[in-house]
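Student: I have a protein model to study and would like to talk it through. Could we look at it together?

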Amino acid sequence: MSLGAELPEPVRFVLFGFGPGVLLALLIVYALRTRWSDASLLGLAMVAAGGASNWVDRLSDGRVVDFLNVGIGPIRTGIFNVADMAILGGVVILLVGEHSRGRKRRPGRRVLPERA
């Protein structure tokens, strides 16, 4: 989508080169300091791996190559790469895992004894 293509090169480097590296490092530190379920850990790993892949592409080539163009006939729904699919899949797994974990934590309804 050429986000930031018109920005000066130093600004683009900070936003798209340095920024994602810092965010990935913070994500990894947070992951190591937090207790995760197996499913949530898988989702987190997918987000980190996809983000790292896109970040390495941007640092080595100056851009991320998107090569999958999905659609039916003239209707195009998205242009993305495998790393983007890993990020999206990881986010979905994280959301589902945390939602189910939140439901388990919720206390059950207390049943009051009947009065005689």
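This is a predicted model: local features need pLDDT of at least 70, side-chain atom pairs count only at pLDDT 80 or more; totals for chains, interfaces and linings use all residues.

Student: Which residues make up the largest nonpolar core?

Tutor: In soluble globular proteins, nonpolar side chains tend to be buried together. Here L94 belongs to such a group, which has 5 residues in all. The members of this largest nonpolar core are A31, W36, L44, V47 and L94.

Student: Is N54 buried or exposed?

Tutor: Apart from neighbours within four places in sequence, N54 is in contact with V64, N81, A83, D84 and I87. Its relative accessibility is 12%, and the cut-off for buried is under 20%. Therefore N54 counts as buried.

Student: Which element gives the largest share of the lining of the largest pocket?

Tutor: That pocket holds about 920 Å³ of space. The elements that give two or more residues to its lining are α1 (9-33), α2 (38-61) and α3 (82-105). The largest share is 9 residues, and the element providing them is α1.

Student: How many residues of that lining are nonpolar?

Tutor: The largest pocket is lined by 26 residues, with L3, F16, R58, R63 and V64 lying nearest its centre. Sorting the lining by type gives 6 charged and 7 polar residues, and the number of nonpolar ones is 13.

Conventions:
Residues are numbered from 1 along each chain as its sequence is written. Side-chain values use heavy atoms; hydrogens and water are left out. A nonpolar core is a set of buried Ala, Val, Leu, Ile, Met, Phe, Trp, Tyr and Cys residues joined through side-chain atoms within 4.5 Å. Buried means under 20% relative accessible area, exposed over 50%, partly exposed in between (1.4 Å probe, protein chains only). On a 1 Å grid over the protein atoms alone, a cavity is a set of points where a 1.4 Å probe fits but cannot get out, and a pocket is an open set with protein on both sides within 12 Å along at least five of seven lines; lining residues have an atom within 4 Å of a point. Grid points are joined across faces, edges and corners, and a volume is the space filled by probe spheres set on the points. Helices (H or I, at least four residues) and strands (E, at least two) are DSSP runs, numbered from the N terminus. Ala, Val, Leu, Ile, Met, Phe, Trp, Tyr, Cys and Pro count as nonpolar, Asp, Glu, Lys and Arg as charged, and the others, Gly among them, as polar. Contact means heavy atoms within 4.5 Å.
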